Amino acid sequence: KADRELVLEAVRQDGQALCFAADPLKADRELVLEAVRQNGEALRFAAEPLKADRELVLVAVRQTGFALRFVADPLKADRELVLEAVRQDGQALCFAADPLKA
């Protein structure tokens, strides 16, 4: 759980393995980036500050539009980011900020 190299290898195989990582590793940007590249929904297990990291979130929603559900609220109003999520999965629109739904 706290062995960075072991967790890194695990998330490369299955991004959702991030759920088993120790909290400090859930805040490790490189490790979380690898997890969301493999499975965008792994964003749900990332430390809160990383859910507001636009570049990382963009990777997640491009992989799985549904990852928009786990994005920090301010980014749910980011038109470009929401558009990327919706391109991947039209149902992602339900997680966008209200002004973008109108």
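In this predicted model, Phe 66 is partly exposed, with a relative accessible area of 25%. Phe 70, by contrast, is buried at 15%, because the cut-off for burial is under 20%. The two residues form an edge-to-face aromatic pair, 6.3 Å centre to centre with 80° between the planes. Phe 66 also pairs with Phe 95. Here the ring centres are 5.2 Å apart and the planes stand at 85°, so this pair is edge-to-face as well. The Phe 66–Phe 95 pair links distant parts of the chain, 29 residues apart. Phe 66 sits in the loop between H4 and H5, and Phe 95 in the loop between H5 and helix H6 (98-101). The structure holds two aromatic pairs, and Phe 66, Phe 70 and Phe 95 form one aromatic cluster.

The largest nonpolar core comprises 31 residues. Val 11, Val 36, Leu 43, Val 61 and Leu 68 touch the most other members. At least two core residues come from each of H1, H3, helix H4 (54-63) and helix H5 (79-88). Beyond its neighbours within four places in sequence, Val 36 contacts Ala 42, Leu 43, Leu 56, Val 59, Ala 60 and Gln 63.

Helix H1 spans residues 4-13, and its buried residues are Val 7, Leu 8 and Val 11. They lie on the same side of H1, because they cover an arc of only 105° around the axis. An α-helix has 3.6 residues a turn, so residues three or four places apart point the same way. The buried residues of H1 pack against helix H2 (23-26) and helix H3 (29-38). The face turned away from the buried side carries the exposed residues Glu 5, Leu 6 and Gln 13. At the start of H1, a side-chain oxygen of Asp 3 comes within 3.1 Å of the backbone nitrogen of Glu 5.

Terms used: Residues are numbered from 1 along each chain as its sequence is written. This is a predicted model: local features need pLDDT of at least 70, side-chain atom pairs count only at pLDDT 80 or more; totals for chains, interfaces and linings use all residues. Side-chain values use heavy atoms; hydrogens and water are left out. Buried means under 20% relative accessible area, exposed over 50%, partly exposed in between (1.4 Å probe, protein chains only). Helices (H or I, at least four residues) and strands (E, at least two) are DSSP runs, numbered from the N terminus. The arc is that of the directions from the helix axis to the C-beta atoms. Contact means heavy atoms within 4.5 Å. A polar contact is a pair of N or O atoms within 3.5 Å; within protein, one must be able to donate a hydrogen and the other to accept it, and residues adjacent in sequence count only if both atoms are side-chain atoms. A nonpolar core is a set of buried Ala, Val, Leu, Ile, Met, Phe, Trp, Tyr and Cys residues joined through side-chain atoms within 4.5 Å. Rings of Phe, Tyr and Trp (its six-membered ring) pair if their centres lie within 6.5 Å; planes under 30 degrees apart count as stacked, over 60 as edge-to-face and the rest as tilted.
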